[in-house]
Structures are given as structure tokens and as C-alpha cells.
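Below is a short note on the model you sent.

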Amino acid sequence: MMIKKYKKSHIIAFFILGLPFFAEFYLNISYREFHSEFFVSSLARTIIRLIELSAVFLTTYIAYLLSNHKKMILLIWALLIYIPTSLNIISVYVSGFLIHEDFLSVIFNTDIKEATNCLKDYSVYIFWNFFVISSIFFIKSTKITYRNKYYGTYAIFLLISELVVMDLLPFHTVITTMSEYYSDMKEAKEYDKKHEPLNNIQNELKDQQQTYVIVIGESVDRKHMSIYGYNRPTTPYFDNLKSELSVFKNVNTAHAFTSGAVKSMFQLNTSSNTNNKRYTLIHFFKDAGFKTFWFSNQGRAKVFDSVVTHLGKLCDEYKFINDSDVSETSLFDEFLLKYFRKALQDKAKQKLIVLHLMGSHIPLKFRYPKEFRKFKISNNYYDKRKATYVTYYDNSILYTDYILNKIINLLKFQNGYSAMLYLSDHGQDINDTKECELGTRTWPNSYEVPFIIWISDEYKNKNSAFIKSWNTYIPYVTDKTAYTIIDLARMKHQSIDLSKSILSRKKF
């Protein structure tokens, strides 16, 4: 009689309690061969994982049925299973990866405007609402009670021991990730506190005027740049300047998220510095006597600074123009040129200038002025929605090409030696193949980034042999970018391994 009486409630409990586990099943099956450390696994390991998930789910379900402490079961379930799994699902649909340090950085360093824009492009909130509504329905509709309190206590003990002892569910991932994130933030805040200056940096051009510019793009897949062979003329200025550019064709980002990618670009390991992780490219140039500048069109949160903003604050002058209190819906990247011109006019003889573009950050249709709406939706695409996304993306790259041309033209009027490196933090999967899912970060779309160097005539004349030695086809990862910039500036130090530079003759 009891089974029949509570059969409906048992079915409801089965499906509602099972939602996170069903989601985990989906992630493990669908993303098993994803090109990420979070997903690469053998078929046998996936099967074992699914069996383990089934065991934990059944324990949870039985614990709920047996216990007369149902609120406690629901609390444990929410904290250790429901919330972490929901975060994992959001992370996968937004980024393509299970939750990790960079995803937390994105969450903590966003603002209302950016979050709202993301919701317009992703369907994550639908899944979130589904979970919330389902939970409310479950709590309201289930009224099961059992007299034997010992069964419930034993079930709760089994549930907690299984979750804590076995490294199965996202609870462990979330806790570990939170720890890594706050450790990373603590390290970033101690950049200057722990800084040990390097002495005796060798500079071949020490007595000359020097200007080096690093332009960090956003979400640019080089396969959508005509200078890399794309069928749309998305980089007409770069195409015209091709003879003046060194276009490196085999460069991949180290991370598919801005914070991780940019941090790795600027980190340096030195044999003489006891705080290797805290020594950055900014420190090196300041130790070498350069004045440093950082101008960013990426937003800066009021409460949680990211690793990237901490890097920017290391510079002698910095400005984050797209802060959360701006009145415009979006500031275009050309607003950075005002600060760039000011830096070029600075009386300092030697300068390092970093420009961080908004580039092709979602929502794409807000990343360029109306006069750059050149490309139209193609009728050849199998999916109009995806075709629209691709068109917005290509227009944003066209606008970035315009900005880069402006930067180069301003550099051409500089006296002395000057050079510019343009690279992107990461790429973007923008759905131009049938296999792509909207918003996911897949290989190779999110990893193959542009890496292009422009150099002035003065620099060419002084370093002609050095330039001829460059191999634009050499494989490279952007986490070694700092070594390339030092090499490009013709500087050396006994503790810096310049074989990590893409400009080095060594194959690594």
C-alpha cells in the first residue's frame, strides 16, 4: 500500500533529484573526446565514470526516500550536487569547458551590462530557470515521511561519505577552482610586493628612442582574417601592408579565456629571481628603464580586479576606458587611440605600450560602427542564425583591421626604432561548421590565433640579419610571448631564456 501511495512522489523525486546526474551523464558522453584536459579520456574511463555517477545518484535517491530528515537531504543535495553541477552546465554552454579558474574570473569580473549582453547570446538562463523551477516544484509536491529515523541517518551518512571520499562530482572541482582562483588573485596583488629587480639588462639599442606596442585582440580566430587566407576581405589594410608584416602562421593560445591567456603572455621565469611566477614582462621593461603604459577597452570590475587588471596597474600609466559606469552601450576600440597618441607624445625615450582591444567580444553586433557593416548574410550557409553570427564576426574583424592600421600609421611618425605585435588572447568558435555548437570553445577555432609583427624602417635597417632569421611557420604557444617581446626589443639578460622567443633560430 505504501509503494502505491507514494509512487507518484517517488517518480517525481527520481527525476528531480536525478537532473544533475543526468546532466553529468550528458557531459561525460557528449564531451568525452573534447580537446581539453577536462574531457579527454578513454571509452573505458567514461563507462566507469558513468557507473560511479549511477551509484552516487542511487544513494542520493534512496537516502531521500528513507530519511525523515528530508530538508537536510535537500540541503546536502543542493550544496554538493545541484549548485556545482548547474555551474558546470553554465560553464560548458558559455565556454565549452567544465568550470575552472578562468571561468570564475569571468563571473567575478563581469558587470550588469556584460552579463545582460551574454544572456542575449546564450541560452544558459533557460537551463538555469528550468533547474530552479523544477526544484521548487519538487519541494512543494513531495511530502514523504518515514517512521524509522535510523534508516534516514544511515542513508545520510552513506551520501556524505560517498560525495566527500569519492572524487566524482563537480563539488570537488568547484572547491578546488575557488581555491586556485583566490590563490591567483593573491599572487597578482603581490606582484609589486615581491618584485626583485633584475640588474645588468643588456640593451643593444639603449641610447636610441624605442617604442614597442603590444596589441591584444579579443576572440579572433585567424582563419577569419583574409591575410591568413580567408575568402572574405576582412583585413584589407593588413593585406595592403603585407610586405611590411611578419605573419606567423602556426601560433596557438595557451588558454581559451582572456584572464588565463593574457596572464600567461606576460609571465617570465628567471633563473635569478626567487619569485619566478611574480616576475612579468612589465617588470622587465621597467627594470630596463622603459616607461610602461596599459590602455584597455575591457571592463574593470569595481570589487573584483582580475589578473589582467593587476597587470595593467603595474604600468606607470594605465586606463580602463570601458568601466562599468560608462554611459554608452559600448565603447568602440577607436576610443583607445586618444590614449595611445598621448603615450606616443610622452617625453620618455623608451616606451612599452599595451593596448587591450574589445575586438570580437560578444555581443558582436556592438563591436563596430555602422559604417563597418560591410558583409551581408550569405545565402550559402545551412543555418541563417549561424550565418548572421559569422557576418557580425567578420565585420568586427574588419573594424579591428582598421584600428590596427591606425596604430601602425601613428607609429610611422615616431622617431627611432618601433615595432608592434598584434595577437589575440584566444580564438572563437563562431559556428561556421555544422559540428560547432553556439558558444562552445572548440579546437582549433578557439586556439588558432593571429600573431603579426610590424616593424619600422629604422628597425629593419638596424636588424636586417636578425629579421631574415625569423621563421614564420614555426609552431608556437602564446604563453611564451614575453620572451618574444624581449627578443624583439633586442634586450638580453643572463637569467632570461630567449630560446623561448618565436624569433629565436632554435627549434623548440
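1. The model is a predicted one. Its largest nonpolar core has 52 residues, and the residues with the most contacts inside it are Phe266, Phe284, Phe285 and Trp294. Helix H18 (residues 481-488) supplies the largest share of this core, five residues. Another core, of 44 residues, lies apart from it and includes Val247, Leu337, Ile362 and Leu364. In soluble globular proteins, nonpolar side chains tend to be buried together.

2. Phe284 deserves a look of its own. Not counting residues up to four places away in sequence, Phe284 touches Leu198, Ile201, Leu268, Tyr279, Ile486, Met491, His493 and Ile496. Phe284 is also one of the residues with the most contacts inside the 52-residue core.

3. For the protein overall, the counts are 18 helices and 11 strands. Of the 508 residues, 56% are buried. Among contacts between residues at least 6 apart in sequence, 78% join residues at least 24 apart. The accessible surface comes to about 23,700 Å², and carbon and sulfur atoms account for 56% of that surface.

4. Seven strands form an open sheet with mixed pairing, in the order S3-S9-S8-S2-S7-S5-S6. S3 and strand S6 (317-320) stand at the edges with a single partner strand each, so one side of each has no neighbour in the sheet. From one strand to the next, the twist averages 10 degrees.

5. Which strands pair with S9, and in what sense? Strand S3 (residues 245-248) is joined to S9 by four bridges, and the two run antiparallel. Phe248 has Phe451 as its bridge partner in S9. Strand S8 (residues 417-424) also pairs with S9 in the antiparallel sense, over five bridges. There, Tyr422 stands opposite Ile452 of S9.

6. Strand S9 (residues 451-455) has five of its five residues buried, so the strand is largely enclosed by the rest of the structure. Phe451, Ile453 and Ile455 point one way from S9, while Ile452 and Trp454 point the other way, and all are buried. In a regular strand the side chains alternate between the two faces of the sheet.

7. Elsewhere in the sheet, S5 and S7 run parallel and are joined by six bridges. Ser296 has His356 as its bridge partner in S7.

8. Helix H14 (residues 336-344) has Leu336, Leu337, Phe340, Ala343 and Leu344 buried. Seen down the axis of H14, these buried residues fall within an arc of 115 degrees, so they line one face of the helix. Lys338 and Lys342 are exposed on the other side of H14. What do the buried residues of H14 pack against? Their partners are strand S2 (210-217), strand S5 (291-296), strand S7 (350-356) and helix H15 (384-412).

9. Helix H11 (residues 258-266) is mostly covered, with nine of its nine residues buried. The buried residues of H11 include Lys263, as well as Thr258, Ser259 and Ser264. Phe266, another buried residue of H11, is one of those with the most contacts inside the 52-residue core.

10. Asn200, with phi of about 60 degrees, is found in the loop between helix H9 (170-189) and strand S1 (202-203). Arg490, with phi near 60 degrees, lies in the loop between H18 and strand S11 (491-492). Is each of them buried or exposed? Asn200 has a relative accessible area of 72%, over the 50% cut-off, and is therefore exposed. Arg490 has a relative accessible area of 13%, under the 20% cut-off, and is therefore buried.

11. The surroundings of Arg490 can be listed. Leaving aside neighbours within four places in sequence, Arg490 is in contact with Gln202, Asn203, Glu204, Leu205, Tyr459, Asn463 and Phe466.

12. Last, a cis peptide bond joins Ile362 and Pro363, with omega about -5 degrees. Pro363 is placed in the loop between S7 and H15.

Definitions and conventions: Residues are numbered from 1 along each chain as its sequence is written. This is a predicted model: local features need pLDDT of at least 70, side-chain atom pairs count only at pLDDT 80 or more; totals for chains, interfaces and linings use all residues. Side-chain values use heavy atoms; hydrogens and water are left out. Buried means under 20% relative accessible area, exposed over 50%, partly exposed in between (1.4 Å probe, protein chains only). The arc is that of the directions from the helix axis to the C-beta atoms. Contact means heavy atoms within 4.5 Å. A nonpolar core is a set of buried Ala, Val, Leu, Ile, Met, Phe, Trp, Tyr and Cys residues joined through side-chain atoms within 4.5 Å. Two strands pair if DSSP finds at least two bridges between them. Axes are lines fitted to C-alpha atoms, for helices over the stretch in contact, and angles run from 0 to 180 degrees between N-to-C directions. Accessible areas come from the Shrake-Rupley method with a 1.4 Å probe; for residues, only the protein chains shown count as cover.
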